[in-house]
Amino acid sequence: MAYTGLIKCAILVLALVARANAIHIYLDWDVTLDSTIKPVSLDQPVITINGKFPGPLINATTNDFVHVNVFNNMDEPLLFTWNGIQQRLNSWQDGVSGTNCPILPGTNWTYVFQTKDQIGSFFYFPSINFHKAAGGFGAIRVINRNVIAVPFPAPEAEYDLLIGDWYYDSYKTVRSHMNRSETAYFILPDIMLMNGKGPLNNPRSIDYESFTVTQGKTYRLRISNVGNALSFNFRIQNHQMVLVETEGSYTNQITLDSLDVHVGQSYSVLVTANQDEADYYMVASPKLLKTSDYSSLVGIGVLHYSNSVSTVSGPLPEGPDPLDDDFSMNQARSIRWNLTAGAARPNPQGSFNVSNVTLSQTFVLESTVAQIHDLPRYVVNNVSYYTVPTPLKLADHFVNGSGVYQLDTFPVKSENSTDASYGVSVVTGIHKGWIEIVFKNDLFVMDSWHFDGFGFFVVGYGKGDWTEESRSTYNLYDPVVRSTVQVYPEGWTAVYAFLDNPGMWNLRSQLLKHWYLGQELYVRVFDADPDPAKERPPPDNLLLCGIFSDSPPAPAPAPGPWAGEW
């Protein structure tokens with residue numbers, strides 16, 4: 001008993017020391033629609049933050065507190081979400097429609113979140129009203145504390161590289177056409193941007209991205225796919241890359257000629273400037289599309305040696321066949337967790353593993369399309385998520401969801417029939433239980449799924465249908481931990497997650513059209529035991545909306561029966 005008490009005391013002391021070493025970062029963001037940016041020489045509204053596109057870097061250290069005061073000077077309600085930041089015990093700050101009331105035009109609201117027990121490369125973006133197609137995204141770096149060793153030498157410098165597809169039309173125009181099957185299902189974006197800049201030598205590009213390096217030095221590139229629809233393959237002419245990190249996990253260090261990056265994913269690679277003093281192409285070409293080298297959907301930038309006196313020349317470096325799923329899947333399987341490195345904590349990442357876990361739940365989520373009330377929709381297990389005016393988190397806290405959602409009516413086993421419907425999809429996640437989630441993709445496009453609040457262990461990929469026998473192919477020794485994972489066309493991906501973070505958590509497709517048209521659900525992780533409290537209370541500046549627009553009732557202690565009507 002005394003020994004247990006000493007352990008608890010030591011844990012408390014470590015927690016207090018970590019909090020004492022954390023700092024508070026205060027940011028003011030002026031968010032506007034700017035038609036003068038013109039990244040592709042067209043008059044279109046671009047979401048800028050403090051006049052910048054992409055938005056400013058958030059540079060934090062493990063356990064820091066980040067305060068972001070968002071002034072919405074747009075003409076529409078706005079929210080930001082923090083892709084990959086786990087918001088430990090605090091889904092109040094997650095910034096999606098199910099957790100937060102939007103920031104109305106002409107008003108401001110301050111997010112306060114902690115980078116609790118995290119390191120790595122992430123990004124933020126606006127999460128509602130199809131805003132992501134207009135910009136508003138930016139990089140997040142979470143740096144190791146000095147007491148934690150990084151498993152590679154410090155680079156000469158770091159560069160954030162936000163790459164993503166972009167529409168020529170205004171996001172409002174594209175959004176207004178989402179009730180047309182052609183736009184919803186088939187129309188692709190028009191051009192690939194690197195840090196908000198068009199491809200080199202493209203007639204629509206005002207500028208192109210260029211990084212300056214010194215011969216003999218090594219650099220860290222933090223690469224994120226901030227696009228709307230397309231995965232891409234990234235490569236640098238005559239240079240190899242060493243993969244070191246993905247979304248907060250240090251990986252086994254593997255040397256690559258090119259890297260597939262899927263929508264919503266982030267990676268860190270080390271690049272050594274070991275070639276002749278010259279300029280070299282950086283290329284991001286879309287997956288699953290046959291494009292010429294100079295198609296607008298091939299992003300092109302430059303790696304510039306500081307003493308170079310020549311411009312880039314020759315053909316673009318060749319990448320893998322964009323239709324070769326086997327190459328991509330084999331590369332994905334080769335990305336594994338570095339078991340011996342520490343990350344945010346001093347103990348090795350391999351201290352946490354899934355080799356002997358007991359699963360408490362299995363969700364099999366099948367994604368496809370359907371017409372509902374003659375409108376095109378994306379569905380999961382035959383349900384297309386219907387966004388309600390009242391955030392689910394508010395309804396959960398104040399009235400146990402009554403009148404807003406009905407818990408556990410969403411089918412968590414694979415369904416695909418012609419009888420699709422709308423639903424406010426909220427399911428129970430067992431607190432401190434292990435969940436297996438199988439994503440099945442019935443479509444001919446690369447999908448990508450993200451789980452707010454958690455990092456999940458990516459244990460398996462496959463083609464065709466998933467069955468229980470597919471578990472024999474899982475990697476349970478060193479699966480990488482990340483928050484966004486690709487799902488191959490007509491294939492499946494399996495992940496494990498430990499649900500130790502209570503809250504209301506969004507589980508969604510990262511493809512913007514899929515998400516906007518219903519491919520999402522929420523996982524309610526709840527423990528009523530108040531000793532100790534399992535979740536933070538609502539913030540003092542909590543916004544109210546929907547059925548709570550005037551004044552909220554007293555919070556109820558436990559989930560109640562469904563009392564609403566569809």
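Author: Welcome! Two rings of Phe, Tyr or Trp (for Trp, its six-membered ring) pair if their centres lie within 6.5 Å; planes under 30 degrees apart count as stacked, over 60 as edge-to-face and the rest as tilted. This is a predicted model, in which local features need pLDDT of at least 70 and side-chain atom pairs count only at pLDDT 80 or more, while totals for chains, interfaces and linings use all residues. Residues are numbered from 1 along each chain as its sequence is written, and side-chain values use heavy atoms, with hydrogens and water left out.

Reader: Thanks! Which residues do ring pairs link into a cluster?

Author: A pair of aromatic rings is described by the distance of the centres and the angle of the planes. Here ring pairs build a cluster out of W29, F80, W82, W109, Y111, F113 and Y124.

Reader: How many contacts does the stretch 556–566 have in the model, beyond near neighbours in sequence?

Author: Let's start with pLDDT, the predictor's confidence in each residue from 0 to 100: its mean for the protein is 93, and 93% of the residues reach 70 or more. Over residues 1–18 it is below 50, and that stretch has 2 contacts (heavy atoms within 4.5 Å) beyond near neighbours in sequence. Residues 556–566 also fall below 50, and for this stretch the count of such contacts is 22.

Reader: Where do W337 and F457 lie, and how many residues apart in sequence are the parts they tie together?

Author: The structure holds 32 aromatic pairs. In the one of W337 and F457 the centres are 5.4 Å apart and the planes at 80 degrees, so it is edge-to-face. W337 lies in the loop between α4 (325–334) and β20 (359–372), and F457 in strand β27 (456–463), so the parts tied together are separated in sequence by 120 residues.

Reader: Which ring has the charged end of R508 over it?

Author: A charge sits over a ring if NZ of Lys or CZ of Arg is within 6 Å of the ring centre and within 35 degrees of the ring normal. One case is R204, which lies over the face of Y168 at 4.6 Å from the ring centre. For R508, at 4.5 Å from the centre, the ring belongs to W515.

Reader: By how many degrees are neighbouring strands of the open sheet of 6 strands turned against each other on average?

Author: The order is β10-β9-β12-β17-β14-β15, with mixed pairing (strands are DSSP runs of E, at least two residues, numbered from the N terminus; two of them pair if DSSP finds at least two bridges). β10 (191–194) and β15 (249–256) each have a single partner strand, so one side of each lacks a neighbour in the sheet.

Reader: Which residue stands opposite L161 in β12?

Author: Strand β9 (157–166) is mostly covered, with 7 of its 10 residues buried. β9 pairs with β10 in the antiparallel sense over 4 bridges, where D165 faces M192. With β12 the pairing is parallel, over 7 bridges, and opposite L161 stands I223.

Reader: And which residue of β17 stands opposite R222?

Author: β12 (218–225) and β17 (266–272) pair in the antiparallel sense over 7 bridges. Opposite R222 you will find S268.

Technical notes. Buried means under 20% relative accessible area, exposed over 50%, partly exposed in between (1.4 Å probe, protein chains only).
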